[in-house]
Amino acid sequence: MPEPLNCPAEERDDCPYDENGVDRSLVRWMLSLSPTERLAQVQSSIDLIMSVREPPAR
């Protein structure tokens with residue numbers, strides 16, 4: 001696991017990961033988006049996953 005467990009308790013907010021290994025920068029980034037932007041990002045991820053899962057067109 002990355003460095004979060006090595007961070008002193010008083011510096012936990014400055015660590016890139018929390019004690020569970022969650023990347024705090026991604027959480028902050030997602031919270032900086034509007035609800036509409038968040039949905040667009042999730043839809044983009046779904047579209048990417050579906051395009052990888054679908055067999056190529058013949």
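Modeller: We shall go from the whole chain to single residues, bearing in mind that this model is predicted.

Colleague: How many helices and strands are there in the protein chain?

Modeller: The protein chain has two helices and zero strands. Helix α1 covers residues 24-32, and helix α2 covers residues 35-53.

Colleague: What share of the residues counts as buried?

Modeller: A residue is called buried when its relative accessible area is under 20%. Of the 58 residues in this chain, 10% count as buried. The accessible surface of the chain is about 5,000 Å², and carbon and sulfur atoms account for 57% of that area.

Colleague: Where does Asp18 lie, and is its side chain buried or exposed?

Modeller: Asp18 is located in the segment before α1. Asp18 is buried but has no salt bridge. A salt bridge requires the charged atoms to be within 4 Å, whereas Arg24, the nearest side chain of opposite charge, is 5.2 Å away.

Colleague: Which backbone atoms does the side chain of Asp18 reach?

Modeller: The side chain of Asp18 comes to 2.8 Å from the backbone nitrogen of Asn20. A polar atom of that side chain is also 3.0 Å from the backbone nitrogen of Val22.

Colleague: What does the side chain of Ser51 reach?

Modeller: Ser51 belongs to helix α2, and its side chain reaches the backbone oxygen of Leu48 at 2.7 Å. With a relative accessibility of 46%, Ser51 is partly exposed.

Conventions:
Residues numbered from 1 in each chain as written. Predicted model: local features only at pLDDT ≥ 70, side-chain atom pairs only at ≥ 80, totals over all residues. Heavy atoms only, no water. Helix = DSSP H or I, 4+ residues; strand = E, 2+ residues; numbered from the N terminus. Buried < 20%, exposed > 50% of the residue type's maximum accessible area, 1.4 Å probe, protein only. Areas by Shrake-Rupley, 256 points an atom, 1.4 Å probe, with all protein chains shown as cover. Lys, Arg positive; Asp, Glu negative; His and termini not counted. Polar contact = N/O pair within 3.5 Å; in protein donor to acceptor, adjacent residues only side chain to side chain.
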